[in-house]
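Reader: I would like to go through the wording used for this model. Please back each term with its value.

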Amino acid sequence: MEIDAASVHYRDLNEEINRVINEGVKHIVLRNVNGQRFIGAGLQGSDIKIDVYGVPGNDMAVFMDGPSIEVFDNAQDGVGNTMNAGNIYVHGHAGDVCGYGMRGGRMYVRGDVGYRVGIHMKAYMEKVPTIVIGGTAGHFLGEYMAGGVIILLGLEKRPGHQIAGDYLGTGMHGGTIFVRGEVDSRRVGKEVGIEKPDDKEYEILKKEVSEFAKVFHLNFEEIISTPFVKLYPKTHRPYGPLYNSRWVWQRE
Amino acid sequence: MMNINRKYSDPRDTSGCGLVGFINRDGQCVDGSYIKKSLCLMKDRGNGLGAGFAAYGIYPDLADYYAIHIMMDDADVKSKVEKVLSEFFLVHREEEIPTRANPFIKDPPIFWRYFVKPKKEVMLTFEGDDDLVVRAVMSMNNNVSGAYVISSGKNMGAFKGVGEPGDIADFFMIEDYRAYIWMGHTRFPTNTPGWWGGAHPFTILDWSIVHNGEITSYGTNRAFLEMFGYKCTLLTDTEVVAYALDFLIRQHKMPLRAAFYVLASPFWKDIDIEGIENKDFAEALKAMRIQYAPLLLNGPFAILFGWKSGLVGFNDRIKLRPLFAGEKDETLYMASEEATIREICEKPDRLWMPRAGEPVIGMVKEGV
């Protein structure tokens with residue numbers, strides 16, 4: 001079903017999306033979207049697919065629990081805020097604070113992302129949220145990360161530009177960040193270790209990157225041929241000693 | 001495609017301020033319908049407690065005169081205002097700023113504009129025209145209770161008040177003005193009052209500022225600027241930014257980019273990293289950080305800064321407020337959200353997310 005979102009207020013639009021889904025519609029195409037917030041907020045149902053044409057507003061897919069949303073343009077701030085399950089594919093770039101507190105599901109962004117992406121992501125048992133970024137990222141990528149996977153590809157990185165911003169993984173105490181190429185260790189949080197991924201981790205990487213390449217029609221072999229580095233938390237309690245001097249600094 | 005019911009015409013859930021501005025580098029003017037349309041898209045970022053516009057190029061026939069926009073609580077104040085004005089200026093023309101009644105704008109103050117030239121005989125030693133205007137504005141804001149200078153530049157003006165962006169635009173008949181730089185703001189007041197004088201933009205001479213965020217260093221900045229005769233009277237943190245830029249760029253003749261390195265100075269650790277490759281630049285950054293330490297702006301902010309020849313957008317050093325930029329032909333756009341730019345600019349040539357602490361600068365071409 002197609003819905004014309006031209007100059008429709010976000011609450012009207014989201015009510016309409018909910019209404020047609022309750023009536024049993026599984027595939028919705030939104031045309032002329034421009035700035036409407038909260039598209040797909042809290043939606044459930046892994047068989048639901050929403051195609052977005054135009055620029056969706058902030059907090060797209062907030063608390064989403066199952067559906068897939070594909071954006072054929074750029075997305076704004078807060079994509080996938082605290083989402084629990086489902087898939088997000090953004091063909092352009094995405095703004096700041098995407099994947100904040102993400103608990104599960106998958107987010108692929110073809111272009112760059114802004115600041116504070118994937119902060120405080122978490123994982124539990126089979127719930128492993130995954131973000132793959134085709135371009136570069138701003139400061140604070142994966143800050144306070146507690147679980148999940150972030151893969152940063154830097155495909156069209158311009159000379160002289162960093163693939164990731166400052167404070168990469170600061171406060172990280174779980175999860176993994178994979179970066180294609182090198183990272184400037186001065187820009188990485190002091191709670192973070194840098195290593196080469198092992199074979200098992202390369203399997204995860206290959207699986208996600210090949211899926212990413214398929215979605216956006218990219219050359220998988222070319223992308224994976226550049227070596228990756230792995231960023232991991234040195235400890236699960238980076239700030240324990242700050243609050244209680246009896247706790248010792250534990251290293252894994 | 002199906003059309004859907006529209007039920008929510010006046011929602012009040014909120015997030016933060018919204019700002020938008022654009023400049024045509026060829027000096028081509030457009031009417032106010034564009035800024036209104038783009039700002040209205042961000043209506044939900046504000047909460048109806050303040051909206052405003054700044055426009056450059058709106059008084060081409062009176063471009064040699066300072067256009068003093070004054071907000072007055074009631075008509076009784078007017079004689080006091082005119083007494084102060086006549087002390088400093090020769091008034092060439094005066095008129096009420098045209099407004100249109102709007103059902104959502106309750107009890108507006110009255111707005112008057114005066115086109116003036118400074119009186120040479122009242123200038124102090126070493127005082128130029130601009131200095132006299134600043135002194136007059138400070139005197140008016142400080143000494144005439146119930147009167148506030150909203151803008152005081154040449155060939156430009158600010159229009160602002162308490163209301164939703166669309167209503168404030170209608171109230172001031174913004175569509176009737178034509179400008180080559182437009183700035184707009186919708187407000188969600190956090191820790192200062194939502195009153196008419198507190199709406200953005202804030203201006204002095206032809207510098208104007210719209211701002212999303214909080215200047216937590218307001219007290220320090222204000223104390224420093226007061227030593228140089230700037231008096232903050234509008235009860236809002238943003239005011240200091242306008243005065244700080246006037247101080248740095250006009251009084252201390254600082255290059256534009258340098259002024260922003262004072263306000264959003266790089267962190268010490270970044271200056272050290274910079275110093276490895278570019279020692280002279282790092283030394284300059286250090287010197288500015290020390291010399292102008294009281295003007296460092298702390299807290300989260302995205303700010304647009306306009307004057308007769310340019311428009312600058314800049315962020316705090318870790319980008320705690322959104323800012324987005326776009327470009328099409330000779331027009332540079334900046335806004336809190338990408339959709340705001342796309343609303344008035346189909347198929348932009350370039351769209352990007354500016355980096356924290358790095359100003360985006362659009363200048364009118366030389367000779368235009």
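This is a predicted model: local features need pLDDT of at least 70, side-chain atom pairs count only at pLDDT 80 or more; totals for chains, interfaces and linings use all residues.

Reader: Is the crossing of α6(B) and α7(B) left-handed or right-handed?

Author: α6(B) passes α7(B) in a right-handed crossing.

Reader: Which residues of α6(B) and α7(B) meet?

Author: From α6(B) come A244(B), L245(B), L248(B) and I249(B). Across from them, α7(B) supplies L256(B), A259(B), V262(B) and L263(B). By class, this contact has 8 nonpolar residues, with no polar and no charged ones.

Reader: What makes α8(B) roughly antiparallel to α9(B)?

Author: The angle does. Helix α8 (residues 268–277) of chain B and helix α9 (residues 279–291) of chain B have axes that cross at roughly 155 degrees. The cut-off is over 145 degrees, so α8(B) is roughly antiparallel to α9(B). The two axes come within 6 Å.

Reader: Now helix α2 of chain B. What puts its buried residues on the same side?

Author: The buried residues of α2 (residues 78–88) are V81(B), L85(B) and F88(B). They cover an arc of only 60 degrees around the axis, which puts them on the same side of α2(B). As a general point, an α-helix has 3.6 residues a turn, so residues three or four places apart point the same way.

Reader: What do the buried residues of α2(B) pack against, and which exposed residues are on the face turned away?

Author: The buried residues pack against β4, β5, β6, α3 and β7 of chain B. The face turned away carries the exposed residues S79(B), K83(B) and E87(B).

Reader: How many residues does each chain give to the contact between chains A and B?

Author: Chain B gives 23 residues and chain A gives 24. On the chain B side, the largest share is 5 residues, from helix α10 (residues 338–344). That side has 13 nonpolar, 3 polar and 7 charged residues.

Conventions
Residues are numbered from 1 along each chain as its sequence is written. Chains are lettered from A and ligands numbered from 1 in the order in which they are written. Two residues are in contact if their C-beta atoms, placed from the backbone, lie within 7 Å. Helices (H or I, at least four residues) and strands (E, at least two) are DSSP runs, numbered from the N terminus. Ala, Val, Leu, Ile, Met, Phe, Trp, Tyr, Cys and Pro count as nonpolar, Asp, Glu, Lys and Arg as charged, and the others, Gly among them, as polar. A crossing is left-handed if the near helix is turned anticlockwise from the far one by less than a right angle, and right-handed if clockwise. A residue is buried if 20 or more other C-beta atoms lie within 10 Å of its own, exposed if 12 or fewer, and partly exposed in between; C-beta atoms are placed from the backbone. The arc is that of the directions from the helix axis to the C-beta atoms. Axes are lines fitted to C-alpha atoms, for helices over the stretch in contact, and angles run from 0 to 180 degrees between N-to-C directions. Angles under 35 degrees count as roughly parallel, over 145 as roughly antiparallel, 65 to 115 as roughly perpendicular and the rest as oblique.
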